[in-house]
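Here is a short note to read alongside the structure.

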Amino acid sequence: MTNSILKEIKESLAILAIPEKAAFLPRFFKTGKGEYGEGDQFIGVIVPDQRKVAKEYFSKISLKELSELLSSEIHEHRLTALLMLISKFEKTKEQTVKDEIVKFYLNHLQFINNWDLVDTSCYKILGRYAFENQKENLLKELSKSDEMWHKRIAVVGTMHYIKKGSFDLTKEFVTQNLHHPHDLMHKANGWLLREMGNKDESELIAYLNQHYKEMPRTCLRYAIEKLDEELRQDYLKGRV
């Protein structure tokens, strides 16, 4: 059964692929609109196509089978696996099943290693789960990891807190990562602060007034993106 359903899913994705898209996807990632691991393969299936496949198969596939699909070297296989996992998480009403899905997610982080995979899955699974079950420590532990993508997952998971108007975890994570060496994390931190400002500008301004001089420029640029032009210039000119 395992081989049968996995074969069906892989064949469905292969049928949807065309050479033009296969050529486009690696370029899309290489030009800075995403991040991908060395050795990733692309068969050229766009996300709407993958969503159709995921919708058809998510209720039929087991976590064991998803594990095999998620460990594939083919990017579209991993993304489709995560789309199916999200559907499983969203459709179930049983807390024990949700717990099992989150455990599965955390045990497979080694395969979730680019923005496309993180942003697709983390907010809808881990962020929602941590918020609704008061399990902030899940995100805090990930934020302390040496793996950049684990930190990125912690940042994306925190988005659910922002949407609900809770900012303490946001400020804690950004402060912790202000001096992270990778520009992708600077962008992520700035994006997190920008979203905080969208919900409550006074919270953002209070945080900026305390920390903006020590922020990497990328982080600051994204954080102040939605502020008035005059205020934005004040922060930019006031940097040491």
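**Notes on the predicted model**

1. Start with Q134. Q134 is exposed, at a relative accessible area of 74%.

2. The largest nonpolar core has 69 residues. Those with the most contacts inside this core are I9, M84, L85, Y105, I153, L193 and L208. Helix α9 (residues 148-163) supplies the largest share, nine residues. Domain 1 (1-108) and domain 2 (114-239) each contribute at least three residues to this core.

3. Look at Y105 within that core. Neighbours within four places in sequence are set aside here. Y105 then contacts L82, L85, I112, S121, C122, I125, L126 and I153. Two of these partners, L85 and I153, are also listed among the core residues with the most contacts.

4. Next, the largest pocket. It holds about 210 Å³ of space. Its lining consists of R51, A54, K55, F58, L83, I86, S87, E90, K91, T120 and K124. Two or more lining residues come from each of α3 (47-57), α5 (75-91) and α7 (115-132).

5. Which element gives the most to the lining of the largest pocket? It is α5, with five residues. By class, the lining has five charged, four nonpolar and two polar residues.

Terms used
Residues are numbered from 1 along each chain as its sequence is written. This is a predicted model: local features need pLDDT of at least 70, side-chain atom pairs count only at pLDDT 80 or more; totals for chains, interfaces and linings use all residues. Side-chain values use heavy atoms; hydrogens and water are left out. On a 1 Å grid over the protein atoms alone, a cavity is a set of points where a 1.4 Å probe fits but cannot get out, and a pocket is an open set with protein on both sides within 12 Å along at least five of seven lines; lining residues have an atom within 4 Å of a point. Grid points are joined across faces, edges and corners, and a volume is the space filled by probe spheres set on the points. Helices (H or I, at least four residues) and strands (E, at least two) are DSSP runs, numbered from the N terminus. Ala, Val, Leu, Ile, Met, Phe, Trp, Tyr, Cys and Pro count as nonpolar, Asp, Glu, Lys and Arg as charged, and the others, Gly among them, as polar. A nonpolar core is a set of buried Ala, Val, Leu, Ile, Met, Phe, Trp, Tyr and Cys residues joined through side-chain atoms within 4.5 Å. Buried means under 20% relative accessible area, exposed over 50%, partly exposed in between (1.4 Å probe, protein chains only). Domain bounds come from an automatic or database domain assignment. Contact means heavy atoms within 4.5 Å.
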